[in-house]
Amino acid sequence: MASVHEKIKAELLVEIYANIDRIYDSIEQHFVMDEIRRDNVIKHLNTLKDELYFVVKTTPLS
């Protein structure tokens with residue numbers, strides 16, 4: 001059973017990461033940002049990815 005849960009979690013991470021990448025692409029397409037702002041957006045989205053990775057890896061599925 002754990003193997004099935006791990007596969008589901010891996011698929012969720014792929015989906016979550018793809019969605020975060022789409023968020024960044026959308027922001028990049030619709031807003032003119034200077035380099036500092038763009039770096040901050042990337043930094044915060046990467047922090048979000050890290051936090052979600054931690055949640056997926058350490059929390060059981062419901």
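Let's start with Leu45. Leaving aside neighbours within four places in sequence, Leu45 is in contact with Ile20, Ile23 and Tyr24. Contact means heavy atoms within 4.5 Å.

A word on the source. This is a predicted model, where local features need pLDDT of at least 70 and side-chain atom pairs count only at pLDDT 80 or more, while totals for chains, interfaces and linings use all residues. Residues are numbered from 1 along each chain as its sequence is written, and side-chain values use heavy atoms, with hydrogens and water left out.

Now the fold. The protein has 2 helices and 0 strands. Both kinds of element are DSSP runs, numbered from the N terminus: helices are H or I with at least four residues, strands E with at least two.

How spread out is the protein? The radius of gyration, taken over C-alpha atoms, is 15 Å. Along its principal axes, the C-alpha trace spans about 50 × 15 × 15 Å.

Which residues form the largest nonpolar core? There are 5: Ile20, Tyr24, Met33, Val41 and Leu45. Helix H1 (2-30) and helix H2 (35-58) each give two or more residues to this core. A nonpolar core is a set of buried Ala, Val, Leu, Ile, Met, Phe, Trp, Tyr and Cys residues joined through side-chain atoms within 4.5 Å. Buried means under 20% relative accessible area, with a 1.4 Å probe and protein chains only. Buried residues make up 15% of the 62.

Conventions. Buried means under 20% relative accessible area, exposed over 50%, partly exposed in between (1.4 Å probe, protein chains only). The radius of gyration is taken over C-alpha atoms; the globule rule is 2.2 Å times the number of residues to the power 0.38.
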